[in-house]
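Q: I would like a close look at a single part of this model. Please keep the answer brisk.
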Amino acid sequence: MFDVKKVSIEWGGETLTLETGKVARQADGAVMATLGETVVLCAVTAAKSVKDGQDFFPLTVHYQEKYSAAGRIPGGFFKRERGATEKETLVSRLIDRPIRPLFPEGFYNEINTIAHVLSYDGHNEPDILALVAASAALTISGVPFMGPIGAARVGYVDGEYVLNPTDEQVAAGDLDLVVAATHDAVMMVESEANELSEDIMLGAVLFAHDACRDVIKAIINLAEQAAKEPWEMAASDGNADLKAKLKDLIGADIAAAYKLTDKSARSNALNAARDKAKAQFTADGLSPQDVMAGIKLTKKLESEIVRRAILKDGTRIDGRTTTQIRPIVAETHFLPRAHGSSLFTRGETQSISTCTLGTKDAEQMIDGLGGLRYENFMLHYNFPPYSVGEVGRFGAPGRREIGHGKLAWRALHPVLPTKDEFPYTIRLTSDITESNGSSSMATVCGGSLSLMDAGVPIKRPVSGIAMGLILEGGEYAILSDILGDEDHLGDMDFKVAGTSEGITTMQMDIKIAGITREIFEKALNQAKEGRAHILGEMNKALGETRQELSAHAPRIETMQIDKSKIRDIIGTGGKVIREIVATTGAKVDIDDEGLIKISSSDLSQIEAARKWISGIVEEAEVGKIYDGKVVNLVDFGAFVNFMGGKDGLVHVSEIKNERVEKVADVLTEGQDVKVKVLEIDQRGKVRLSMRVVDQETGEELEDTRPAREPREPRGDRGPRRDGDGGRGGRGGDRGRGPRREGGDRGPRRERNDGPDDQGHVPDFLKD
């Protein structure tokens, strides 16, 4: 029934298996990829015809994580997978970016690439496996895909590169890098690094490329067994005649337009040239299809003109040299009420960045295959249509916005303090108000400034730059700080961010067959120079983190208590902690390790809560004076609460040096008093004194009463009597002699419930 084809290789300490012919057989290509016990199914379907009037390539990639893959049931009301999560969106982009350039120009058939995570073992991440499965499914489907590609994740632990590291190895190491590549060229790089050098990053990319080649060999092996017949592509003459006519008609206009340094003026001039060509083609009687083809050729003509000028003269669109950075203006404390803010402007790209600090309850809850976790650093990137002077959809963030925000997140995350060092939840927002090239790197620069403006103690400031490449045969030019048009017309989009000490993130997308190590290395070094220049301009606005938080930010103080005391802080059913919050007005959070976070915008509230908690967990000291509050009056004294959570008895004899007839005449419930700890018995009961403390100053007074005579220890009362004179056995008369009957007992002594004339307290009252 099944015609199963399968290949397996040993890869990164695990077995990678690619299988087809058993599942999803009606798709054009379907591959089940397994690494360890992680399994991903990727199915590819392609439309057999092109829709009328379509002039773009409609490739759609969907990556979905099934909760059942990890033995979990989704949370929420519906209990099923819903819209794409942030991670699913990012992995979808991760697959899309390296495969999209490998379809031939002019191929406009719609293609769906859908990857499902069916099993997750908790160790082997499914994102890399999904990319491998997508490449294999496209390769065997028969569609004109110029692959295959391989993919690999690389870590850097103890100075060694690690292929397909576990989550634990990534956390313990200094690098999390993903590479997708053909046999000859790296197509895509995504990474987060702990301030690593250019040489280490380059070595990691080359190490990953070698691992990709092993996967490519396995995919080719599978394709030799199971590939479908390749689709026939109609030969195209490239519309050479139409292109020549277009060049004669508007070539000079396009060249003049690209000498305009202002983006709006340049855009208007290019639109005018296109309208001129369209009008002439229509007047010449060309069919609507030929008119449309002619207008599309305008982009090719623009690309040729711009690329030739850069390679021949080193002249860029806005007149800069290849290494020159656009003018930069950076400002901090841009918004009066934000906890931290900045306005970062580089040429015609601008970002307003804001930093907001919150408490633990503001953390982002993330539910995924690995279970529920909380993230205390968020970065949200927004790209409204007015930033490019256009009218467009304004609503929820799209895939591009999520991707750019995550790139900036990776750049800044390595320099953030730990939760122990800075126990705040941090949210950065970047609102792009102008855009003409690398708004994601403007987000990195602006985000770094707003973090420092908010008083977040980051390791070092972070700057970012976008690099481009023009490659024609053996000639090439590397461009620093590329414009939007240079991105569209160039061969590489290479973004690098980092501190003065090293790289924190690197992202690269290649649009051509590949680049040499020489080009890659030169681009990295040129980016380093550009980052240093940008960092210098940023330092003019703010060179180091502010020492004080904004007056509008909440304050958080941490306390570490013994875990055995957690129940005392929380109380039965949370009674104690609720009382602390309600009384002091401060928020109190406590984790399972005994770390307590007290937060409030009012420092006095934090101090009140801290003292209360300290009183609960600390032990009272004999001889020490404390502030207390009378909580209950009794005939023989008053109970006083001190240290926040402890009660002790002030006997009537310890209230004043003179005799007190009635406690209520001297004290009232709720009255603030100062007390000294006299004694703590074995059961923890505390005996307090007010009379030896000055109630105004809290200073200890000299005790003018005579010293109390110590009680005679039981063991010194002499030998026990035996026989008729002792307490011997319980039988007989116990040696007590004859009992007196009735009235012969003599007068009965009255029991004294108060202190004697010297203020001594009977033993039975001490309990």
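How many residues does helix α7 have, and how far does it reach from its first C-alpha to its last?

A: Helix α7 spans residues 288-313, has 26 residues and reaches 38 Å from first C-alpha to last. That is close to the 38 Å expected at 1.5 Å a residue (1.5 Å times one less than the number of residues). Helices here are DSSP runs of H or I, at least four residues, and strands are E runs of at least two, numbered from the N terminus.

The model is predicted: local features need pLDDT of at least 70, side-chain atom pairs 80 or more, while totals for chains, interfaces and linings use all residues. Numbering starts from 1 along each chain as its sequence is written, and side-chain values use heavy atoms, without hydrogens or water.

Now the burial of α7. Its buried residues (under 20% relative accessible area, 1.4 Å probe, protein chains only) include Val291, Gly294, Leu297, Thr298 and Leu301. Further along, Ile305, Val306, Arg307, Ile310 and Leu311 are also buried. An α-helix has 3.6 residues a turn, so residues three or four places apart point the same way. The cover over the buried residues of α7 includes helices α5 (240-257), α6 (263-283) and α10 (484-489). Strands β18 (463-472) and β19 (475-480) belong to that cover too. Contact means heavy atoms within 4.5 Å. After α7 comes glycine 314, with a positive phi near 70°.

α1 has 14 residues and reaches 21 Å, close to the 20 Å expected. Of these, 12 are buried, so α1 is largely enclosed by the rest of the structure. Among them are Glu88, Arg93, Asp96 and Arg97. They pack against α2, α8 (399-412) and several strands, including β21 (503-510).

Methods
Buried means under 20% relative accessible area, exposed over 50%, partly exposed in between (1.4 Å probe, protein chains only).
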